[in-house]
Amino acid sequence: MEDTTPSQTGPSRDERQNEGVGRRQFVTGALAAAGAVAAAGVLGTGRAQAAAPAARRAARTGRAAPSGRRVAIFGGGMGGLSTAHELAERGFDVTIYERKAWGGKCRSMPVPNTGSGGRQDLPAEHGFRFFPGFYQNLPDTMSRIPLPGGGKAFDNLVAGTEVAAFYGGTKMVLPARGSIEGTLSPDSLLAFLSTALNVAGKVQLWEVGYFLQKMIAFVTSGPLRRYNQWENMSFSDMVHAEKMDKPYNELLVQMFTGTLVAAKPTKANAHTMGLMAEAWVYSTLGLGGYKAPDRLLNAPTNEALIDPWVAYLKSLGVKFQSDATLTRLDVTDKRISGAQITGGAGTANVDADHYVLAVPVERAVPLLNDQILAADPNLKNLAQITTDWMNGIMIYLRQPIDLAKGHVAYAGQPWALTSISQGQFWKKKFGTTYGNGEVNDCLSIDLSSWDTQGVLYGKTARECSSDQIFNEVKEQLRRAIPWGPVVLNDANIHSYYIDPAITGNGTPQVANDEPLMINKPGSWNHRPEAATALPNLFLASDYVRADINLATMEGANTAGRKAANAILDASGAGGTPAKIFNLYLPNEFQGFYDDDDRRYKAGQPNAFDLYDPAKP
């Protein structure tokens, strides 16, 4: 047994409750309809305080920033934009360099040459946008992004009223908001989950109870067990998937992990899975100050968030340089002394006081040269972080189909599909705004398992051509949906579009330009903080340690806030740091956490881990 303290493996309870200290696309239907468990909220209800008025005025007037306030941010995705936002509001001179597109994986993108008659091109997404109620850092940022004509980007969030899962021609639904009777306790939570679980007749009752008991064991675990035992164990091992029936695995294990983190249950760690389950349930119960559990945008992501955000940052004096790929970081005396970018304009050098690496992990690792790794050997651990594929395919419909008023998961289908029917939530009428007038809805689908054989061709998604991917997705949806071939009939399908980050479909050269980090067992120990041992190099991407512990927009936004706070400290600028909201843990459970820490140190399992208990 490894006897470690919470500060060595994760935030302590006191640190979590300090609002100034830092701590994906999670499919609602998967957890809700399948009945997985516990949930988390966010500490603190206040919003991050903005910069001092003088600093704001200096930024808006373009006045030269004081010495030591020049910041170069490489990467214009969620992490980079979030860092720029916090620093620009505090008077820093910020330039963002982006190789591809503003918004990164969070952006929407047009389907080329599909708009006519004054309409815009059909919109598409890297993956459907999902803002669960336990997101707090990103919504706080959105509440500070003005919209043209008034309001804030936060106002563009709308709530789904149900979440659903389709399984073998049956629809399972759970309302998106609930309550709990009496005092919050493990027993009352278990009673709620047992009632909410909607898999009766599909999963044996004893298996349901077994699964829920494992979830209660997680919810009552202290930080020692969370950051040591559960972090280093796969979710599959935690819930003993290997000994259970096929429906148990399809409804309570595979659907959850496959749709949540683009990973197999044998790869995703139990700590991350437990946190997301915990957070979802607390959000469903309305605890921790959480909002409606299933939220999404009322327009394509660029219209609702990215474009207004970029415009606001420009108004604060932030400079944007596109087609700019970071190719080298120079080091002198264990500090970054310069950077090199390449693009359509050729090669150029970048000089700044502070440098922020806000690119994905697979692009960050090659940039960490021997000098950087010598100055901060811990950064070598980034090479141990794993990525996988989770990308979108859009099916455009002539007429909407009524699947659910929220997100949907398709349980038991090999490619771990989830979807949202977007048109019902968008403020502009689809057919008169986008395309050629023939399209009236978009079924935006995430495909999360690219290495599993499909049902038509005996091929994995990686091996399929674009048409084969579309045919496979269509067939898998039809097998899950009641009267699937009738509901999703060919006459109603106008066209499809696969995320262009996937190239070379159906060839040995197939590649993904935008994979997603996955949380394998032990991955927390490989992840860095935003500040590095080089005093002017900072990290702001979804692999930075964050309380949410999952590659999400929320995690990247948190990383940006942490990077901004580290720069505030390094520059000596002072002022109010960016506020960081933490996941909610109920005070009623503090005694359970303390007792479990004692049990962990004694080599004992969690008190609620009754069946096949896991020991340290």
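Trainee: In what order do the three strands of the open sheet stand, and is the pairing parallel or antiparallel?

Mentor: In this predicted model, strands of a sheet can pair in either of two ways, parallel or antiparallel, through backbone hydrogen bonds. Strand 11 (325-332) and strand 13 (346-350) each have a single partner strand, so they stand at the edges, with one side of each left without a neighbour in the sheet. The twist averages 20° from one strand to the next. The pairing is antiparallel, and the order is 11-12-13.

Trainee: Which residue in strand 12 is the bridge partner of Thr325?

Mentor: Strand 11 and strand 12 (residues 335-343) run antiparallel and are joined by seven bridges. For Thr325, the bridge partner in strand 12 is Thr342.

Trainee: Are helix 9 and helix 12 parallel, perpendicular or oblique to each other?

Mentor: The axes of helix 9 (residues 223-230) and helix 12 (residues 270-284) come within 8 Å and cross at roughly 135°. In the contact, Arg226, Tyr227 and Trp230 of helix 9 meet Ala270, His271, Leu275 and Glu278 of helix 12, and by class these are four nonpolar, one polar and two charged residues. Angles of 65 to 115 degrees count as roughly perpendicular and those over 145 as roughly antiparallel, and helix 9 and helix 12 are therefore oblique.

Trainee: Is Ala416, which has a positive phi, buried or exposed?

Mentor: Most residues other than glycine have a negative phi. Since buried means under 20% relative accessible area, Ala416, with a value of 10%, is buried.

Note on methods. Residues numbered from 1 in each chain as written. Predicted model: local features only at pLDDT ≥ 70, side-chain atom pairs only at ≥ 80, totals over all residues. Heavy atoms only, no water. Axes fitted to C-alpha atoms, helices over the stretch in contact; angles between N-to-C directions. Helix = DSSP H or I, 4+ residues; strand = E, 2+ residues; numbered from the N terminus. Parallel < 35°, antiparallel > 145°, perpendicular 65-115°, else oblique. Contact = heavy atoms within 4.5 Å. Nonpolar A, V, L, I, M, F, W, Y, C, P; charged D, E, K, R; others polar. Pairing = 2+ DSSP bridges. Buried < 20%, exposed > 50% of the residue type's maximum accessible area, 1.4 Å probe, protein only.
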